[in-house]
Amino acid sequence: MPPIAQEGNCLIYRGSNFLKQRLILACLSGKPVKISQIRSEDETAPGLREYEISLIRLFDKITNGTKIELNPAGTSVMFSPGLLHGGQIHHDCCVQRGIGYYLDALIALGPFCKSPLQCTLRGVTNSKDAPSVDHIKGAALSLLKRFLLVDEGLELKVVRRGVAPLGGGEITFRCPVRKSLRAIQFQSQGMVKRIRGTVYACKVSPALANRTVEAAKGCMLKFLPDVYIYTDQNKGKMSGNSPGFGICLIAETTDGVCFAADCCSNTREESDDTPSIPENMGKEVALRLLDEIYRGGCVDSSYQWLAALYIALGQKHVSKFLTGALSNYTVHFLQNLRDFFSITFKLENPEAEDEDEAEDVRGAQKVLMACVGIGYTNINKRVT
């Protein structure tokens, strides 16, 4: 949904959809944004949710001089971003959303901070409503490395796991800063060469993790011999505050593209109605990964928007990036990019001209994103 109005430099939106996208782009562009009528028709719980307020607090911590105004009902927020400062940050994430919900924003903003980010986030490391930390480590960081060139200082470490609903997990994330991002031409996804995975179990029997591994491995070995899934059994304080288990699979191609899929067990309340069966979870995540591979492209479908952001902010040269069919989230992100940066993309379906190219565009119909970067420069970075 485009902005309903613009007052000077300030963009005005209605509704709670894509709040995170708009706040990220506001921080990068320096444009203030006003969002009104946030769940104003919800009689039981109008206004911002607790996890959204926690996200706004995180933005406040990594910036310097940000002004935030909320109305008493929480149905309207005025966000005037300050300078991206970065540095050392500790944040307790709301357990209504996984840590991945907050980590997405840090990955998008990290390279443009004044000081390298050193974040400690506490909360739910693996949940159904956000990419797990294992998913982000495999798919998002491999994409970020491609734009940073040198990945020294880039690290995502799981200190301890915590599953929904009570969390109790902790991760550390470090991200280097860059003056600018390079333009990129990336149109070859390569062939899948290996599959790696992690099965974690917190406060439950290790047998559940082993059964999940066997089911997932049984599916993937039909397609590829190089499959290795290891188990991460957690006990005591290292296992968070809630029982649960889950799995994340990552497929890596010959050109360094990573596709990821994850699945986690139901919470104790949900398990009363539909208990989680390890064999079913193993098969389900294997099928999700195969769907990601079929969709293809040079990036996981969960992080198409991140690739779009990086090539839009790149140097003033033509960048081209091959993706699978665009997700709904990515389509709206492209619309928001146009609002904040006045940049548009050329989107086309590439046609294979010979057999070699046909190898690269096999699977679902691909989308070739092309644009001339705006030459975004990190004005916050110290001159060394």
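**View 1. The lining of the largest pocket has 16 nonpolar, 13 polar and 12 charged residues.** Here Ala, Val, Leu, Ile, Met, Phe, Trp, Tyr, Cys and Pro count as nonpolar, Asp, Glu, Lys and Arg as charged, and the others, Gly among them, as polar. You are looking at a predicted model, in which local features need pLDDT of at least 70 and side-chain atom pairs count only at pLDDT 80 or more, while totals for chains, interfaces and linings use all residues. Residues are numbered from 1 along each chain as its sequence is written, and side-chain values use heavy atoms, with hydrogens and water left out. The pocket's volume is about 970 Å³, a volume being the space filled by probe spheres set on grid points that are joined across faces, edges and corners. On a 1 Å grid over the protein atoms alone, a pocket is an open set of points with protein on both sides within 12 Å along at least five of seven lines; a cavity is a set where a 1.4 Å probe fits but cannot get out, and lining residues have an atom within 4 Å of a point. Of the 41 lining residues, K128, D129, A130, P131 and S302 lie nearest the centre of the largest pocket. Helix α7 gives the most to this lining, with 6 residues; helices (H or I, at least four residues) and strands (E, at least two) are DSSP runs, numbered from the N terminus.

**View 2. The second largest pocket has a volume of about 470 Å³.** Among its 20 lining residues, D134, K137, G138, Y230 and I250 are the closest to its centre. Two or more residues of the lining come from each of α4, β10 (155-160), β13 (192-202), β14 (227-234) and β15 (244-253). With 6 residues, α4 gives the most.

**View 3. The largest cavity holds about 60 Å³ of space.** A search of the whole structure finds 1 cavity of 30 Å³ or more. Look for A139, S142, L143, R146, F186, G256, V257, C258, C298, V299 and D300 around the largest cavity. Helix α4 (residues 133-148) gives the most to this lining, with 4 residues.

**View 4. Helix α8 (residues 304-312) is largely enclosed by the rest of the structure, because 9 of its 9 residues are buried.** Buried means under 20% relative accessible area, exposed over 50%, and partly exposed in between (1.4 Å probe, protein chains only). To follow α8 along its length, find the buried residues Q304, W305, L306, A307, A308, L309, Y310, I311 and A312.
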